[in-house]
Amino acid sequence: MKKTVLSAAMGALALGVAFAAPSQAADVSACLITKTDTNPFFVKMKEGATAKAQELGVTLKSYAGKIDGDSESQVAAIETCIADGAKGILLTASDTKGIVPSVQKARDAGLLVIALDTPLEPIDAADATFATDNLLAGKLIGQWAAATLGDAAKDARVAFLDLTPAQPSVDVLRDQGFMIGFGIDPKDPNKIGDEDDPRIVGHDVTNGNEEGGRTAMENLLQKDPTINVVHTINEPAAAGAYEALKALGREKDVLIVSVDGGCPGVKNVAEGVIGATSQQYPLMMAALGIEAIKKFAETGEKPTPTEGKNFVDTGVALVTDKPVSGVESIDTKEGLEKCWG
């Protein structure tokens, strides 16, 4: 079935400048602040922002921390953007609660602040949010995993490979969505780790990278070597989990699901490393964000959320070559046509 249902100090910052059209370079400037500059998701986000800025004649400066969770770099970047007189900031927050005072400072200074991919807490701490429906992304892979296991889902042993201890909103939404889709009561929907379903082996954090995924998987396997379902925050973490399982000869009998839809991740689905992933569209998020900053600078108008939601929904689709009844998906051929990274 197919359907597209349309994430330290200044020295720690990675800075890149996209050159704008000379005629308007002094008129509108914007900042892109991502969690890292190495994750393919954020690389594609920067690509989308850069291309749209060049098209619209917007001066763009981009910043990133060394790793997921490096909120200090993001705070420093916001201060720089305010001082530089930027008209707006596109932000993927590492600490969705802790960054709020800095975001408020930027808004008080007259900047438009748009959260990309990762909603702030509360969501209205930003002027707007352009994002995947991360709860739906998690729900899709949870439904797929439950349907794939069938009756065996009631006795599953589930491991959660999360992002950081700060529990950014994107992390919570994907986790809770997976649980809802799989048939697990998430308890407090705003918190990771308070569930009491006996199928859950535990949670560990990965910092969203392959090394972290490997270590987290090893830790949870020591806790319970019978784990047979693994939910990962993203595809780099999933790749690390697979390597840990492979080292123990268990890569064939554990179901791994993830979220991202980057080209390496979709290829991993095609190769059987990942069973299914929810694909999101970072280039669109960033391009729409630059358009919104340009419009705000010219008219003062702020973005309007998608009808029925409190954010601008940029789409999600389940990618798998093993479709199941009742869960709409696209195959890896289509996923590779739409992937990034």
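A: Let's start with Asp117, which is buried, with a relative accessible area of 0%. That puts Asp117 below the 20% cut-off for calling a residue buried. Keep in mind that you're looking at a predicted model. You'll find Asp117 in the loop between E5 and E6. Now check its backbone: Asp117 has a positive phi of about 70°, even though it isn't a glycine.

The peptide bond joining Glu121 and Pro122 is cis, with omega at about 0°.

For a comparison, hop over to Asn207, in the loop between strand E8 (200-205) and helix H6 (210-223). Asn207 isn't a glycine either, yet its phi is positive, at about 60°. Asn207 is partly exposed, though, with a relative accessible area of 29%.

While you're here, have a peek at a pair of helices. Two packed helices are described by the angle and the distance between their axes. For helix H4 (residues 134-149) and helix H5 (residues 169-182), the axes come within 6 Å and cross at roughly 35°. The crossing of H4 and H5 is right-handed. Among the residues that meet there are Leu135, Gly138 and Ile141 from H4, and Leu173, Gly177 and Phe178 from H5. Sorted by class, this contact has ten nonpolar, seven polar and two charged residues.

Terms used: Residues numbered from 1 in each chain as written. Predicted model: local features only at pLDDT ≥ 70, side-chain atom pairs only at ≥ 80, totals over all residues. Heavy atoms only, no water. Axes fitted to C-alpha atoms, helices over the stretch in contact; angles between N-to-C directions. Helix = DSSP H or I, 4+ residues; strand = E, 2+ residues; numbered from the N terminus. Left-handed = near helix turned anticlockwise from the far one by under 90°. Contact = heavy atoms within 4.5 Å. Nonpolar A, V, L, I, M, F, W, Y, C, P; charged D, E, K, R; others polar. Buried < 20%, exposed > 50% of the residue type's maximum accessible area, 1.4 Å probe, protein only.
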